[in-house]
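Some labels for a structure rest on cut-offs.

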Amino acid sequence: MKIKHIVSSVALALAVLLLAGGAFAQESGGLVQLSESVYSYVGVTDNSNNAFLANAGIVIGENGVLVVDTLTSANEAEVLLADIRKVTDKPILYVVNTHYHLDHALGNVVFANEGAEIVAHEACLENLIKGGEDSMAHPESYGLPEDFW
């Protein structure tokens with residue numbers, strides 16, 4: 001039952017993130033409230049703390065928080081965590097990686113250090129490991145400064 005509730009929450013969050021898109025354009029910082037318990041970075045136009053302008057977000061449940069994607073780096077994830085703390089002090093229980101691209105998963109460590117369980121398809125982990133070394137060695141090939149990491 002618990003897994004079914006998590007899957008339902010993730011599906012709802014992803015649908016809101018994908019469908020809301022440009023409706024909540026923001027210049028900089030802060031999570032936008034999309035519903036009573038769903039917040040997200042959407043329509044981001046300032047990449048100072050979000051290099052790829054990614055749509056990361058959260059679902060706040062009764063007992064804690066589910067994070068959907070963790071951005072490009074620990075530095076960006078720290079900003080996301082600070083923004084989450086402006087909204088709720090509930091524990092971060094889960095991180096869902098929608099896929100393996102670096103702008104969705106490389107901030108995982110920040111939330112793992114908070115005690116969150118990382119949830120993703122097994123191919124996501126395999127692809128992160130396979131492509132991670134190249135990503136770290138050549139950030140400029142992703143449009144990032146050479147000293148990004």
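Q: Where does α2 lie relative to the strands, and at what angle does α2 run to β5?
A: In this predicted model, α2 lies across β2, β3, β4 and β5. The angle to β5 is about 130°, on a scale that runs from 0 to 180 degrees between N-to-C directions.

Q: What span is expected of helix α2, and what span does α2 reach?
A: Helix α2 covers residues 74-87, which is 14 residues. The expected span is 1.5 Å times one less than the number of residues, and for α2 that comes to 20 Å. From first C-alpha to last, α2 reaches 20 Å, close to the expected value.

Q: Which residues of α2 are buried?
A: The buried residues are E76, A77, L80, L81, D83 and I84. Seen down the axis of α2, these buried residues fall within an arc of 160°, so they line one face of the helix. The face turned away from that side carries N75 and K86, which are exposed.

Q: What covers the buried residues of α2?
A: The cover includes the strands β3 (57-60), β4 (65-68) and β5 (92-96), together with helix α4.

Q: Why is N108 called buried?
A: Buried means under 20% relative accessible area. N108 has 12%, so N108 counts as buried. N108 belongs to helix α4, residues 108-112.

Q: What makes the pair N108 and T70 a polar contact?
A: The cut-off for a pair of N or O atoms is within 3.5 Å. The side chains of N108 and T70 make their polar contact at 2.8 Å. Leaving out residues up to four places away in sequence, N108 touches T70, V95, N97 and I118.

Q: Why are β1 and β6 called edge strands?
A: The open sheet has 6 strands in the order β1-β2-β3-β4-β5-β6, with mixed pairing. Its edge strands are β1 (32-33) and β6 (117-119), and each pairs on one side only.

Q: How do you know that β3 pairs with β2 and with β4?
A: Pairing requires at least two bridges. Strand β2 (residues 38-40) is joined to β3 by 3 bridges, and β3 to β4 by 4. The β2 and β3 strands run antiparallel, and β3 and β4 also run antiparallel. Y39 has I58 as its bridge partner, while S40 has G57. On the β4 side, I60 stands opposite V65. A hairpin of 4 residues joins β3 to β4.

Q: What shows that both faces of β3 are covered?
A: G57 and V59 on one side and I58 and I60 on the other are all buried.

Methods. Residues are numbered from 1 along each chain as its sequence is written. This is a predicted model: local features need pLDDT of at least 70, side-chain atom pairs count only at pLDDT 80 or more; totals for chains, interfaces and linings use all residues. Side-chain values use heavy atoms; hydrogens and water are left out. Helices (H or I, at least four residues) and strands (E, at least two) are DSSP runs, numbered from the N terminus. Buried means under 20% relative accessible area, exposed over 50%, partly exposed in between (1.4 Å probe, protein chains only). A polar contact is a pair of N or O atoms within 3.5 Å; within protein, one must be able to donate a hydrogen and the other to accept it, and residues adjacent in sequence count only if both atoms are side-chain atoms. Contact means heavy atoms within 4.5 Å. The arc is that of the directions from the helix axis to the C-beta atoms.
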